[in-house]
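Trainee: I have a model open on my screen and I'd like to learn how to read it. Can you walk me through it, one feature at a time?

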Amino acid sequence: ADMTIGFSQIGSESGWRAAETTVSKAEAKKRDITFKIADAQQKQENQIKAIRSFVAQGVDAIFLAPVVATGWDSVLKEAKEAKIPVVLLDRDIDPAGKDLYLTAVTSDSVHEGKVAGEWLVKTVAGKPCNVVELQGTVGASVATNRKKGFEDGIAGASNVKIVRSQTGDFTRAKGKEVMESFIKAEGGGKDICAVYAHNDDMMVGAIQAMKEAGLKPGTEVLTVSIDAVPDIFKAMAAGEANATVELTPNMAGPAFDAVIAFKEKGTVPPKWIQTESKLYTQADNPMSVYEAKKDLGY
Amino acid sequence: MALRLPRIGTSQIVALAVILLANWVVSPQFFDIRLQDGRLFGSLIDVLNRGAPVALLSIGMVLVIAMRGIDLSVGAVMAICGAIAASLADSHALPVVLAAALGAGLACGLWNGLLVAVLGIQPIVATLILMVAGRGIAQLITEGRIVTFTSPDLAFLGGGSVLGLPTPVVLTLGMMALTLAIVRGSALGLMIEATGGNPRASALAGIGTRLITVAVYMWSGLCAALAGIVASADILGADANNAGLWLELDAILAVVIGGTSLFGGRFSIILAVVGALIIQAMNTGILLSGLPPETNLVVKAVVVLAVLLAQSPRIGGHLAGLGVLFSRKKP
Amino acid sequence: MIRSLSRLTPVLATLAVFLAGFIACSLVYPNFASLRVVMNLLTDNAFLAIVAVGMTFVIISGGIDLSVGSVIGFTTVFLALAIERWGVPPLMAFVLILVICAAFGAAMGAIIQYFELPAFIVTLAGMFLARGVSFLLSTESIPITADLYAHLSEHAFRFEGGSRLTVPAMIMIAVVLAGMVLLHLTRFGANVYALGGSRQATALMGINVARTTVLIYTLSSVLAGLAGIVFSLYTSSGYSLSAVGVELDAIAAVVIGGTLLSGGYGFIFGSFLGVMIQGLIQTYISFDGMLSSWWAKIATGLLLFAFIAFQQFTLHLARRSRRAPAGVHP
Amino acid sequence: MALLKTPSGRRCGLLPQRLPRASRPPPAGSRRLPAASEAAMLATSPPAAGAAPDLLALIGFSKSFAGFTALDRVDFTLKVGEIHALLGENGAGKSTLIKAMTGVVARDAGTMRLDGIEIAPRSAEEAVRAGIATVYQEVNLAPNLSVAQNLFLGRQPTRFGLVREGEMRRRARALLAEFGLSIDIAAPLESYSVAIQHIIAIARAVDQSARVLILDEPTASLDAQEVEVLFAVMRQLKARGIGIVFVTHFLDQVYAICDRITVLRNGRLAGSAPVADLPRLDLVRLMLGRELSAATGRRPPHEARAPSTAVAAFRGLGKTGYVVPFDLTLRAGHVVGLAGLLGSGRTETVRLVFGAERADCGAAQVAGQKASIGSPREAMALGFGYCPEERKTEGIVAELTVRENIVLALQARRGALAPLSRREQDAIAAKFIRLLDIRPPDPERPIGLLSGGNQQKALLARWLATAPQLLILDEPTRGIDVGAHAEIIKLIRDLCAEGMALLVVSSELDELVTYADEVIVLRERAHVARLTGAQVEVPAILAAIAEVPSSASPPVRAA
Ligand SMILES: Nc1ncnc2c1ncn2[C@@H]1O[C@H](COP(=O)(O)OP(=O)(O)OP(=O)(O)O)[C@@H](O)[C@H]1O
Ligand SMILES: Nc1ncnc2c1ncn2[C@@H]1O[C@H](COP(=O)(O)OP(=O)(O)OP(=O)(O)O)[C@@H](O)[C@H]1O
Ligand SMILES: [Mg+2]
Ligand SMILES: [Mg+2]
């Protein structure tokens, strides 16, 4: 299709984000779309600026991966006034703005957390289990939601209990540092039954910390995390990680299709195109998933 | 800034001790240390080990600040050098990897130094350029991914141990000793303090202020490179997006807690490192405390203020000694 | 007279650099040279420019204020909670937050003054504190639905082609003008410059240095609070992570605008231009849009370098051409 | 018309020669009486000391700094309409007493009454409000503000809260006109020399003074004409009943204007008496606690000296807009003096010679070899040394110790990689502290804590320590006390005898002629006359300075 689409991307804070960018570009290329990406470096104001400038440039559609749920009304109104359809990727915005965008291609991060929690409850099968939680960045909506979802997931099981919860800022280094102190604080880690991390990167760091402390992640300590980045599959293949919930980096593909259909045929897509939150465990042949994913730009 | 008699650093040491004691209160096993696989293991060791990157940065930063400069780019330089090290680690021998990463750090420092000393750009903006662009360069190297490696040689620099101490701690001590030897063993220390104290007078006294400025920024780049290598080695991969993020502020904080004025002049490398340990001890304490993460920053703010107030000339009685008689004029 | 004019040179150089940059961008992208882009520059950077005005006072006085970004974040969260949850009328909430910010700034100024501590660290602690308190208030982003907000964000002077001079932009322009008056035309402003020139001399001249210092940080925090109000208008919401790192942007803008970080020299208008130059760089990059996120960062750095190098060069030329022939001293 | 740094007569009782000055009426009497008789005359003239009531009374002022006693139970009284000299050697505690009076330094003990009412100002601000205006020793103005702002900072005329810029400038011009100064008052203060900055500081204080005016070494960088103007103003204030405390190292000035003298020695009150009761020799003895060695005599006749080898020779050295190209030859064992008005280009000349400013034309020969001097480092490598005029901004590194300040240049010449051992540093510092009598003799004290005169001595030591072939001194005796003054002049002679070449800028012409073999006179940034041998006499120098300038307005300022 001969069109220009602007994408206000949050930033490049993680491997998953990089993969989303790479995959989106590839998907755009497949469809012959001129794809402009503005990296907001985690700042809402930059995203607003980027959207304004896309409007000023007169693009055909705008993709937005909102860094935060609120505060988009006025800028999206501007886009609407300029008759440019907006598609949300990856995260939803505040309900008040429903009529301001065409559709949202997102996963449900509360659901992701819930899948992880349910897996843990099922796996420990009634045995008492002390969980330590590595949260994402304080205040990030994904972190809040994944925490909430996980708590929902374990709500029914009184044997599963979160004993410690700190932020690891979604990074490997902080994940490792925080896990180190969890191990110290929980009697050398003997009392820890499972680790739940809001993303795989923190889990990879935590696995290292456990190994260095002489613990055996994957067997002595269960792990469950979210995102399904290639490195966690390597760890699963090595028996050091147990489960991850996939967040697909291909949000742009369905979004492109929706926009093209809308522009060319006037088809109004559903308000929410939900992506799958697939659970992977050691039983899912992790090495082959790793091979499949490793070149996606994570 | 008022002139004072030379500082001895008691207040910093006391602050560190108090924070360590507070950690012990929130976490009774804080001082427990055990030997495991020939490596010391315990919260106290964690403080040293996790404090290593900021301590390394502060060793370079203290010299830059003593020269009336500031280096905002260290975090980005860490990311660049860590990325280089990680991407070369599996295909090249360790010396090559180190040479490339450290060389990149020196080059970054050279760029900063030239902007400051030759083009005369104010240090904060001059280094801001690399702070912004540098992270981009690091991401360019890793293409935004986390580049992992398996080379045990490089991994040793992060996770290994020498005589029971984690390698990062040993590297930091080594860098500190080397820097001290160079700076205090030669007249460079005096020249840096003189230039920071009064650049015009120092230039007229025949000190090659430009050359020293460039050298000092390069040293800061080198320290940042080493910190970057350590950080990469630690997580067996280079996370160009997050490595060293905001660490420049921690390094500056460490230097200032260490008693060096942001207006240049007298400096202490050892106290800057103590400053870095104070910050890390506080961070570790927060992690051990089990408080919800929302409170982290409030606790941090309170502790930083308390440490500073303890150092204030008004409160640290004996340090107050001399009043405000003469002060240095700013340029 | 020539000597006094020469103090304006850095600002003139910055202005020249900005205009040159704008023209260059317009040559590359035909859509660039539009009123819309100019108005967007004003609106999008309104909160930054407001903070930069306060920061200019602080930096000219020889200090620095790292807390402003967090104060903005705190302000948005406070406003959202006050208006949405506690039912405070918006205007009342504005007054309340400005008073809180004033107290916060005054406290920082007092600590800096009475305990003789470096501003950098005191305001860094302030930065932690303000951000930390906003986390404690709420880690979620809260939409503000009050009518006033909807009304204010609708309200704007509209021009041809859909460009608008919005309320945030108008507030910003007013703040810049008021800042210029306060800094350049009042006793307080002269005291601020004097403090930056020599703190000790200012004290010896019989100026109440303590009061001036406290006022400066109060002003900076109040303006940060105002910027927070503008930011909340801009996004109609409150969020504890908003405006992270804005302090660095503001400092950079002030310094690019020709103010010396060591104090004593600088102009509000220069800082305004500094903000606009940064905005211009970002607009350019998003117009380009083909840069991957890392190339965008590298390009931002290089453009920043190009602007500063060009500014340095212009200043150099200006100084050279002003040098009088031998024997005729200006 | 030109303002002149006229010869002093300031110290040796020589008659000050006046130069024609169109815009200002010649002061009454073209001759001044010799100091002693003048003092006698003053003593008999009103107001009679003792008759007037006490204006300011200090009792038992003490102050110590970290164990060092700077003031020890000092009493001091100032009467209404009195000009009171506060004298003492460098480091005697004069400035400290003043700062204790105005609350800038918190005193350890002592009470203070103004008009019989006890006051205790805790800051300069409170002192000013109580009616005490002060000019501190180091120029304490904001260098970045305009002259006008500096004059009126904190008390600018305002309307609706806005500073009335025009009104302020008008008043500033009027105020400075009283001091014979007509400069661009919108320009930043730092674009003017210390001398002008000092006048501005004085003008500010005079304009503020309600009851008491304190002047700490106001005349150190002023020339005779300006001193005269200042004295006229002081007399007016005195007539209005204002009490003035006056600190100086120029004894002639004391006898010319003061009513009473208080002498401090080592932080103690050494004595206080009406001028008439304290003849010069007694005064010096009171200050030093000993006799003054007769060092200031005339040097041996010029003819006796054979021309020696040129250490350095400059041909056509100059820089556009800075100094007109000049020739200059400096010989071993010779002293070349530079004389001229304020702003005549003396400092500029020596900065070019030292490479502190890069010349854009001309050639240099050092020790017979062609040399290029593009920076102080290169100049030092060639064996040059330069002790700058502006001690605070270009000389001392305030927070470094005396020892570190002294070894700085020597260390820089050796290079960073050849550090002086601590032992060597201690030896050098000890040697010069002894040689120049730097007080307190503590090498480990931050130099910023020393008194002004002692800082100057330490700077001299910095360059002497490098044993240069050519030493450039810009106003080496500024702010130095009588005793040390003699020592420094003796030192210059000794250095010269040892074969060092010297280039000295000095505003004190009769001091200059005691050691200079050759004097170059500058005017409007050009070298206009060269006096050698028997021509090196004050009248001849004055004549050369006074030669009616070719262009209408002199640099920097016009009267
Ligand atoms: N803040 C301070 N800390 C320590 N010592 C000080 C301080 N201020 C002054 N002194 C010491 O007090 C003594 C008196 O100094 P002061 O400046 O009063 O001398 P002075 O009589 O004014 O000398 P000069 O004629 O050289 O100006 C000096 O020895 C000085 O070193
Ligand atoms: N380009 C300039 N712009 C502003 N001010 C200047 C400039 N050049 C010189 N001045 C000021 O004018 C002053 C007088 O000039 P100069 O140094 O040539 O005089 P001088 O003959 O050395 O007299 P003195 O040292 O007795 O003041 C300088 O000290 C400096 O402060
Ligand atoms: Mg004195
Ligand atoms: Mg001079």
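Trainee: Let's begin with chain A: what is the order of the strands in the open sheet of six strands?

Mentor: Before we start, keep in mind that this is a predicted model. To read a sheet, go from one strand to its neighbour and note the direction of pairing. Here the order is β2-β1-β3-β4-β5-β11 in chain A, and the pairing is parallel.

Trainee: And which strands stand at the edges of that sheet?

Mentor: β2 (34-39) and β11 (272-274) of chain A do. Each has a single partner strand, so one side of each has no neighbour in the sheet. Neighbouring strands in this sheet are turned by 20 degrees against each other on average, ignoring direction.

Trainee: How many bridges join β1 of chain A to β2(A)?

Mentor: Six bridges link β1 (residues 4-9) of chain A with β2(A), and the two run parallel. For one pair to click on, take A:T4, whose bridge partner in β2(A) is A:T34. While you are there, remember a general point: in a regular strand the side chains alternate between the two faces of the sheet.

Trainee: Which strands does helix α9 of chain A lie across?

Mentor: Helix α9 (residues 252-265) of chain A lies across β1, β2, β3 (61-64), β4 (86-90), β5 (103-106) and β11 of chain A. Its angle to β3(A) is about 155 degrees.

Trainee: On to the metals. Which residues are the protein donors of the magnesium ion that is ligand 4?

Mentor: For a metal, list the donor atoms, then ask where in the chain they come from. Ligand 4 has D:T347 (OG1) and D:E389 (OE) as its protein donors, at 1.8 to 2.4 Å. D:T347 sits in helix α10 (residues 346-354) of chain D, while D:E389 is in the loop between β18 (384-387) and α12 (391-395) of chain D, so the pair ties together parts 42 residues apart in sequence.

Trainee: Is D:E389 buried or exposed?

Mentor: Buried, with 16% relative accessibility. D:T347, at 21%, counts as partly exposed. The cut-off for buried is under 20%.

Trainee: What coordinates the magnesium ion that is ligand 3?

Mentor: D:S95 (OG) and D:Q137 (OE1) coordinate it, at 1.9 to 2.1 Å. D:S95 belongs to helix α2 (residues 94-101) of chain D and D:Q137 to the loop between β6 (132-135) and α4 (147-152) of chain D, so this pair ties together parts that are 42 residues apart in sequence. Both D:S95 and D:Q137 are buried. Water is not among the atoms, so sites may look incomplete.

Trainee: Chain D has an open sheet of six strands too; what is its pairing?

Mentor: Mixed, with the order β18-β19-β20-β15-β21-β22 in chain D. β18 and β22 (526-532) of chain D are at the edges with a single partner strand each, so one side of each is left without a neighbour in the sheet. From one strand to the next, the twist averages 15 degrees. Within the sheet, β19 (residues 470-474) and β20 (residues 501-505) of chain D run parallel and are joined by five bridges, with D:I472 opposite D:L503 in β20(D).

Trainee: Last topic, the interfaces. Which chains share the most contacts?

Mentor: Look at residues, then area, then charged pairs. Of the five pairs of chains in contact, chains B and C share the most contacts. They bury about 4300 Å² between them, 78% of it on carbon and sulfur atoms, and the salt bridge count is zero.

Trainee: How many salt bridges are there across the interface of chain A and chain B?

Mentor: Three. One salt bridge is between A:K176 and B:D234, with the closest N and O atoms 2.4 Å apart. Chains A and B bury about 2700 Å², and carbon and sulfur atoms give 47% of that. A:Q166, A:R172 and A:K184 supply 23% of the area that chain A buries against chain B, more than any other three residues.

Methods
Residues are numbered from 1 along each chain as its sequence is written. Chains are lettered from A and ligands numbered from 1 in the order in which they are written. This is a predicted model: local features need pLDDT of at least 70, side-chain atom pairs count only at pLDDT 80 or more; totals for chains, interfaces and linings use all residues. Side-chain values use heavy atoms; hydrogens and water are left out. Donors are N, O and S atoms within 2.8 Å of the metal (3.2 Å for Na, K and Ca); water is not among the atoms, so sites may look incomplete. Helices (H or I, at least four residues) and strands (E, at least two) are DSSP runs, numbered from the N terminus. Buried means under 20% relative accessible area, exposed over 50%, partly exposed in between (1.4 Å probe, protein chains only). Two strands pair if DSSP finds at least two bridges between them. Axes are lines fitted to C-alpha atoms, for helices over the stretch in contact, and angles run from 0 to 180 degrees between N-to-C directions. Contact means heavy atoms within 4.5 Å. Buried area is the accessible area (1.4 Å probe) that two parts lose on being put together, summed over both. A salt bridge is a side-chain nitrogen of Lys or Arg within 4 Å of a carboxyl oxygen of Asp or Glu.
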